[in-house]
Amino acid sequence: MAIGITGLTSGKGDVYSNLLSSGTVSSASGLDAFGSTSLLSDYASIKNGSYGKMMKAYYQKQEDASETSSDSKTEKEKKDTVTASSASSAYKSAEKLNTEDFSEENKDNLYTSISSFVKEYNSMIRNASNSELDNVRKQADWLNDTTYANFKLLSSVGITMNTDRTLSLDEDIFKKANVTTVKSLFAGNGSYADRVSAKASQIYRYANGGSSITAKSYTSTGSYSQTNTEASTINSVT
């Protein structure tokens, strides 16, 4: 004996009917309502890239939540003040690069600023890599991976990676480098320096018992939201 869709008692028939007729699912079906968002709207979000940005933000939050849930009480109570201090300096050095004049005429000043950045980076990566705190060492690993992912561009402006994870800057190569490449590495959201800044903030947080330099994360639109916290030791970049 044939059984029609209406003969199914699982509720699937109602779900299919609702999907095809209105693009929404009734709460009576046992599923959450889709709301007023249409399939065309979802497609537009995927096409213009905002969906991808929101997904990145979502997975970053999941990563942070996973790290937080895995922290033991003892780990949270510990502090690594030496690493926290070096991360604070590296953060300020990276953020300051956003205020630089990236022009050929300013190459000498740029070299001085990026030399300072390399120095502070090296101090941070050394301390974080040898920290007694597991989460600090994990952040150092991710920071090193970020640098490795950019090693070709970095080498084109005179910056090379050493076996101990530190960086070296060659003045002659830097002075001959394309200033546009230098700017792409060290200025603006998503640049290499911006990623180092974000990672330095995380290293500081874990090394300083949860206190943050700054709360910096993606909003639902994919842009950055940044708010200084009361627990922060840095209220401005000097």
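Which residues does Thr-166 touch, not counting residues up to four places away in sequence? Before the reply, some ground rules. This is a predicted model, where local features need pLDDT of at least 70, side-chain atom pairs count only at pLDDT 80 or more, and totals for chains, interfaces and linings use all residues. Residues are numbered from 1 along each chain as its sequence is written, and side-chain values use heavy atoms, with hydrogens and water left out.

Now the reply. Thr-166 touches Asn-122, Ile-125, Arg-126, Thr-160 and Met-161; contact means heavy atoms within 4.5 Å. Thr-166 sits in the loop between strand 1 (159-161) and strand 2 (167-169). Its relative accessibility is 3%, so Thr-166 counts as buried (under 20% relative accessible area, with a 1.4 Å probe and protein chains only). The side chains of Thr-166 and Asp-164 are joined by a polar contact of 2.5 Å. Such a contact is a pair of N or O atoms within 3.5 Å, one able to donate a hydrogen and the other to accept it.

Step back to the whole protein chain. It has 11 helices and 4 strands, taken from DSSP runs (helices H or I, at least four residues; strands E, at least two). Of its 238 residues, 35% count as buried.

Next, a helix pair. The axes of helix 6 (residues 107-129) and helix 10 (residues 179-186) come within 13 Å and cross at roughly 35°. Axes are lines fitted to C-alpha atoms over the stretch in contact, and angles run from 0 to 180 degrees between N-to-C directions. Helix 6 contributes Lys-107, Leu-110, Ile-114 and Phe-117 to the contact, and helix 10 contributes Val-179, Val-182 and Phe-186.

Methods. Buried means under 20% relative accessible area, exposed over 50%, partly exposed in between (1.4 Å probe, protein chains only).
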